[in-house]
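Let's take a walk through a protein model together.

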Amino acid sequence: MAQEYYQQGLAKAKAGDYQGAIADFDLALIATPEWAEVYYRRGLAYFDLGDTLTAVSDYTQALAIDSHHRDCSYARALARLTLKNFPGALVDIDRAILFGRDYAPAYQLKGLVCKKLAKYPDAIAAYKVAANLYLAQKDVENSQRCLDLARTLEPKPIDAPIVPKLTPRPPLTSPEQFYVQLLEQGERGDLQGALDNANWAIQSSPNEAWVYACRGALYSKRDDRTAALTDFNRAIQLDPNSHVAYRGRGKLRDRMGDYQGALMDFDRALAIDSQDLFIYLARGNVRVNLHDYPGAIADFDRAISIDPVEPLAYLKRAQTYIKLEELSQAISDYQTAANIYLERQDLTKYQDTLANLQKLQRSAPKAPPSPNRDRSQPQNEALRQRLYVLVSGQWAIAQRLIDRLKEAEPGYDEDWYLERVIDNLEAGL
């Protein structure tokens with residue numbers, strides 16, 4: 001019977017019915033829970049549906065059963081590439097190559113991942129190996145494609161940045177209130193008005209570092225990167241201890257792809273003010289861009305230690321945990337961020353965070369399906385929080401609806417009652 005379900009699943013997947021294929025593979029695994037090929041095939045179906053995290057979970061289960069499964073290692077590498085987990089993808093590619101030295105697609109994929117990691121010599125070497133293997137297999141088209149990709153990776157000279165000549169720094173003042181007003185004016189949407197006021201302030205006091213830093217932030221918001229960089233440089237020249245200017249220039253460099261320059265600016269800013277949690281968040285972003293996920297998590301940890309109720313820090317850390325496939329930690333961080341938004345009565349951000357949390361929970365690693373699945377334990381607090389929003393915070397109303405449903409239809413687990421009440425309220429019943 002398991003073989004029949006497996007064959008049906010293969011046929012449905014080939015026909016593009018991935019949901020139907022997954023259902024058949026589930027049934028095959030009930031009878032044979034240690035069947036690596038079924039986990040692999042179900043992972044392919046999940047990947048084709050765009051559920052990459054669940055696909056990775058299935059590939060991992062398949063490889064735990066059969067560590068020599070070359071195609072599964074390659075498939076997980078593709079999924080990890082989609083998740084931008086480049087180090088993990090490289091591990092899988094090397095495993096695929098270990099069990100298939102003539103596996104040309106694996107070398108080609110290695111070239112792509114090494115390019116993403118800026119390991120250009122390794123990328124060129126991998127593309128050339130792939131080209132030779134494709135040629136030996138009489139696949140001239142792919143062979144030529146890999147050679148062309150290798151040629152595009154020749155190093156190109158990088159122009160040195162032009163640093164304007166700046167005047168010596170005079171004594172400084174810091175009219176903080178005007179600085180805040182300009183930034184708030186830009187945030188309200190009157191960006192041109194804020195820039196006009198900043199230009200007036202510079203004409204009045206042409207050697208004040210704070211106003212150049214402020215105008216740089218406004219130019220950056222307008223995406224005028226050249227003008228913004230000039231102003232941040234000017235502010236730093238006038239006041240080498242302006243952590244605001246270093247922070248602004250670091251964020252700009254991050255957007256421009258100058259990640260090492262951004263790291264230098266954030267390090268300098270934190271040397272001046274080590275308690276600015278937003279610098280830690282910004283530096284964490286740069287480390288994510290550099291695929292230094294442990295370093296990014298350390299920065300988000302530091303931001304949380306400074307302000308344990310800043311939801312953005314938990315969200316950024318959760319997104320980084322996802323890249324490392326540490327889904328339980330990511331789920332915990334999404335839950336914490338959702339709770340903070342709920343306490344602040346910011347229901348829009350709460351619901352957005354809750355939606356991401358629920359999507360992630362559906363992608364968490366799944367045990368092999370069982371006909372006697374135990375649902376005695378509630379999923380988590382997510383269902384209760386959804387219900388809390390639907391009853392506008394009046395939990396007594398929710399509890400009455402739950403109790404009434406339990407009386408009418410006894411014998412189900414707690415999650416079932418929560419889901420039914422939610423469905424009824426959303427349907428207007």
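A residue is called buried when its relative accessible area is under 20%, exposed when over 50%, and partly exposed in between. Keep these cut-offs in mind, because they decide the label a residue receives. K406, for example, has a relative accessible area of 29%, so K406 is partly exposed. Its salt-bridge partner is E414, and the closest N and O atoms of the two are 3.1 Å apart. E414 also falls in the middle class, because its relative accessible area is 23%.

Now step back to see the whole chain. Please remember that this is a predicted model. The chain has 23 helices and zero strands. Of its 429 residues, 45% are buried.

Let's zoom in on one helix, α3, which covers residues 36–48 and includes E37. Is E37 buried or partly exposed? With a relative accessibility of 21%, E37 is not under the 20% cut-off for buried, so it counts as partly exposed. Setting aside neighbours within four places in sequence, E37 is in contact with Y6 and H69. Y6 lies 31 residues from E37 along the chain, yet the C-alpha atoms of the two are separated by 9.3 Å.

Our next stop is R215, a residue of helix α12, which spans residues 209–221. R215 has 14% relative accessibility, so it counts as buried. What does its side chain touch? A polar contact of 2.8 Å joins the side chain of R215 to the side chain of N199. Beyond neighbours within four places in sequence, the contacts of R215 are L195, A198, N199, I202 and D231.

Salt bridges deserve a tour of their own, and the structure holds 26 of them. One of these joins D299 and R287, with 3.0 Å from N to O. This pair links distant parts of the chain: D299 belongs to helix α17 (residues 293–306) and R287 to helix α16 (residues 277–289), and the two are 12 residues apart. D299 is buried, because its relative accessibility is 2%.

Compare that with the bridge between R222 and D224, where the closest N and O atoms are 3.5 Å apart. R222 has a relative accessible area of 40%, so R222 is partly exposed. D224, at 26%, is partly exposed as well. Salt bridges can also join up into a network, as they do for R76, R80, D92 and E325.

Finally, look at the cysteines C72 and C214. Each of them is buried, because the relative accessible area is 0% for C72 and 0% for C214. A disulfide is a covalent bond between the sulfur atoms of two cysteines. How many disulfides does a search of the whole structure find? The search finds zero.

Definitions and conventions. Residues numbered from 1 in each chain as written. Predicted model: local features only at pLDDT ≥ 70, side-chain atom pairs only at ≥ 80, totals over all residues. Heavy atoms only, no water. Helix = DSSP H or I, 4+ residues; strand = E, 2+ residues; numbered from the N terminus. Buried < 20%, exposed > 50% of the residue type's maximum accessible area, 1.4 Å probe, protein only. Contact = heavy atoms within 4.5 Å. Disulfide = S-S within 2.5 Å. Polar contact = N/O pair within 3.5 Å; in protein donor to acceptor, adjacent residues only side chain to side chain. Salt bridge = Lys/Arg side-chain N within 4 Å of Asp/Glu carboxyl O.
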